[in-house]
Amino acid sequence: AGMMLSWTKTMKHPDDDISFFNDAAFGIAPTYKELLSYAIEVGVESHAVSTVNFGETAVTSLSQSGYMRVEQEKLVAILDCAPIGPDYLPGHGHADSLSFELSLQNFRVFVNSGTSCYGVSEERVHQRGTACHNTVMINGVNSSQVWSGFRVAKRAYPFNFLVEGNEIDLKISCSHDGYKRLKRPVTHRRDWYFKNDAMTILDSMIGPYKTAEAYYLFHPDIIVSAFQDHFILTLPNLTEIILKTSGGKARLMDAFWYPEFGKSIATKSMVIEATEDRISIVITGFAK
């Protein structure tokens with residue numbers, strides 16, 4: 001119980017609620033605060049987790065499950081360098097390899113889709129698909145073959161995981177082999193770069209491909225404004241975050257966030273259609 005409590009603490013956002021990887025929804029289980037209160041009451045203590053500091057950036061690695069937490073004063077990023085799930089039971093997994101979620105100044109900015117339904121339906125398959133997560137879809141297919149309500153066929157596995165940094169810079173890298181099943185295999189590699197005042201995400205597509213699209217799903221509370229060469233993200237406290245893209249054509253499209261069963265909330269998604277083998281976004285302005 002102590003290990004589970006510390007894992008939950010690492011995976012939550014600054015608003016003290018869960019992140020959305022694989023099947024996840026609010027209102028299903030007690031919140032972290034409720035679990036912590038009960039743990040204190042019955043004498044269960046959280047287990048220590050491995051945290052390494054790179055200057056003002058703290059990195060917590062949940063190495064056995066494959067997730068990472070990167071935390072600064074005004075940034076929390078939760079990175080998915082994990083398999084889709086246990087090989088013997090991947091039914092609650094989503095095709096979200098190398099996805100991530102991001103909070104800035106305690107507000108959620110990038111979110112994964114969440115889960116609003118179970119059972120066998122097109123909507124269920126859609127919510128488990130790559131395009132509902134903050135990652136890259138190649139040739140219009142999911143990174144893992146999710147199908148039916150709780151089935152997965154060929155699936156992505158992460159490899160070449162790397163963390164390196166110093167007092168100023170931090171780089172976390174990982175690749176996955178989900179697109180090696182294509183007739184002409186492709187590897188997706190993602191590099192996350194962190195400084196005290198900037199975050200960069202670089203996606204590399206290694207191998208021949210027809211199309212590659214990077215998806216970024218915004219939390220409904222974020223106001224997104226498109227300009228000629230950048231986007232402005234306005235947080236609920238009216239802070240304006242600058243987001244610049246390169247290596248592809250970026251556009252906004254209508255999307256949905258599914259934070260609870262039976263609930264769909266309209267929001268926006270940014271899609272970057274690759275025109276080069278490397279596409280990136282740079283986020284600045286959150287350290288004010």
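The buried residues of helix 1 pack against helix 2, strand 2 (57-62), strand 3 and strand 4 (75-80). These buried residues are Gly 2, Leu 5, Ser 6, Thr 10 and Met 11. Here, buried means under 20% relative accessible area, exposed means over 50%, and partly exposed falls in between (1.4 Å probe, protein chains only). Helices (H or I, at least four residues) and strands (E, at least two) are DSSP runs, numbered from the N terminus. Packing is judged by contact, that is, heavy atoms within 4.5 Å.

A word on where this comes from: the model is predicted, so local features need pLDDT of at least 70 and side-chain atom pairs count only at pLDDT 80 or more, while totals for chains, interfaces and linings use all residues. Residues are numbered from 1 along each chain as its sequence is written, and side-chain values use heavy atoms, with hydrogens and water left out.

Next come the salt bridges, each being a side-chain nitrogen of Lys or Arg within 4 Å of a carboxyl oxygen of Asp or Glu. The count comes to 13. Asp 16 meets Lys 12 at 2.6 Å, N to O, and Asp 16 meets Lys 33 at 3.6 Å, N to O. Asp 16 lies in the loop between helix 1 and helix 2 and Lys 33 in helix 2, so this pair ties together parts 17 residues apart in sequence. Lys 12 counts as buried because its relative accessibility is 10%, whereas Lys 33, at 55%, is exposed.

Then there are the rings. Rings of Phe, Tyr and Trp (its six-membered ring) pair if their centres lie within 6.5 Å; planes under 30 degrees apart count as stacked, over 60 as edge-to-face and the rest as tilted. The whole structure holds 12 aromatic pairs. In one of them, Phe 21 and Tyr 67 are tilted, 5.3 Å centre to centre with 55 degrees between the planes. This pair links distant parts of the chain, 46 residues apart: Phe 21 sits in the loop between helix 1 (2-11) and helix 2 (32-42), and Tyr 67 in strand 3 (residues 67-72). Both Phe 21 and Tyr 67 are buried. Elsewhere, ring pairs join Phe 100, Phe 110, Tyr 216 and Phe 218 into a cluster.

Finally, Glu 260 belongs to strand 18 (residues 248-260). With a relative accessibility of 30%, Glu 260 counts as partly exposed. Leaving out residues up to four places away in sequence, Glu 260 touches Ala 25, Phe 26, Thr 115 and Ser 116.
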